[in-house]
Amino acid sequence: RGRVLWPTISTNGKRIAFERDFGIWTLDTATGKSRQVPIKLYGAAEGPAVTHEHFSKRFSQLAVSPDGKKAAFIVHGEVFATTTDKGGAVVRVTRTPAMEYELSWAPDSKRIVYVSERDGGEHLFLYDFSSGKETRLTDGTGEDTQPQFSPDGKQLAFLRDTKSLLVLDLATHKTRELVKADIDFHPPLDSERPFAWSPDSRWI
């Protein structure tokens, strides 16, 4: 059974080697019996090899925390953070095949929000450095971008499809729409800050 390829007979004519179903087989010419040759690979990885890379450039975004003690940055589509002290440890925040971008620090410098293209859309995720936990903030079919914390850290404003300005209450997780209009363009033509909070967190 199976297609036989590349038959080769031994010098003494007692055995024929051939390929069948991507394996190596031998046939005993005296008995007519064939068997697959067991082959074990040594020194070859059973799965994709782990690659360690050192990045010292190609940062697509850098954001310093409000207290000036930490910095977050995007490298190769992933979020990393470190202390601003010389020789500070680097923490990898995200590990996804999706792109992350548009970093926004909370006023307490303990949380950071970013956009992620998981599930084929753009949604907001929050990472809490105190707990080391990531929380998804938005979902649905809309494209959520440009997150900005209110100065008191209790709310998060963002754009949906660049045509709606929404505010998320971080305590109740309830979202309300403030404005529906052409507020910004789609990336990469979008503005760096298409809106801004008032210092008392009451106005945008």
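## Nonpolar cores

The largest nonpolar core of this predicted model comprises 13 residues, and V113, L124, L137, F149, L156, L168 and L170 have the most contacts inside it. Such a core is a set of buried Ala, Val, Leu, Ile, Met, Phe, Trp, Tyr and Cys residues joined through side-chain atoms within 4.5 Å. Buried stands for under 20% relative accessible area, exposed for over 50%, and partly exposed for values in between, with a 1.4 Å probe and protein chains only. At least two residues of this core come from each of β10 (111-116), β11 (123-128), β14 (155-160) and β15. Strands are DSSP runs of E with at least two residues, numbered from the N terminus.

Beyond its neighbours within four places in sequence, L124 is in contact (heavy atoms within 4.5 Å) with V113, Y114, V115, T135, R136, L137, T138, D144, P147, L156 and F158. Another core, of twelve residues, lies apart from the largest one; V79, V93, L103 and F125 are among its members.

Six of the six residues of β10 are buried. R111, V113 and V115 point one way from the strand, while I112, Y114 and S116 point the other way.

β10 pairs with β9 in the antiparallel sense over four bridges; strands pair if DSSP finds at least two bridges between them. In this pairing S104 stands opposite V113. The hairpin of β9 and β10 has five residues between the strands, and S109 takes a positive phi near 60 degrees. β10 is also joined to β11, by six bridges and again antiparallel, with I112 opposite Y127. Six residues lie between β10 and β11 in their hairpin, where D119 in the turn has a positive phi of about 60 degrees.

## The four-stranded sheet

Strands β13, β14, β15 and β16 form an open sheet in the order β13-β14-β15-β16, with antiparallel pairing. β13 (144-149) and β16 (175-180) are the edge strands, each pairing on one side only. From one strand to the next the twist averages 25 degrees, taken between axes fitted to C-alpha atoms, with angles from 0 to 180 degrees between N-to-C directions. β15 (residues 164-169) is joined to β16 by five bridges, and L168 has T175 in β16 as its bridge partner.

## Aromatic pairs and charges over rings

There are three aromatic pairs in the structure. Rings of Phe, Tyr and Trp (its six-membered ring) pair if their centres lie within 6.5 Å; planes under 30 degrees apart count as stacked, over 60 as edge-to-face and the rest as tilted. F73 and F80 are stacked, at 5.9 Å centre to centre and 10 degrees between the planes. F73 counts as buried because its relative accessibility is 11%, and F80 is buried at 17%.

W105 and F129 are also stacked, with 5.5 Å between centres and 20 degrees between planes. This pair links distant parts of the chain: W105 is in strand β9 (residues 100-105) and F129 in the loop between β11 and β12 (133-136), 24 residues apart. W105 is buried, with a relative accessible area of 9%, whereas F129 counts as partly exposed because its relative accessibility is 24%. Ring pairs link W105, Y127 and F129 into a cluster.

A charge sits over a ring if NZ of Lys or CZ of Arg is within 6 Å of the ring centre and within 35 degrees of the ring normal. The charged end of R20 sits over the ring of W25, 4.6 Å from its centre. The charged end of R118 sits over the ring of F125, 3.9 Å from its centre.

## Basis of the values

Residues are numbered from 1 along each chain as its sequence is written, and side-chain values use heavy atoms, with hydrogens and water left out. In this predicted model, local features need pLDDT of at least 70 and side-chain atom pairs count only at pLDDT 80 or more, while totals for chains, interfaces and linings use all residues.
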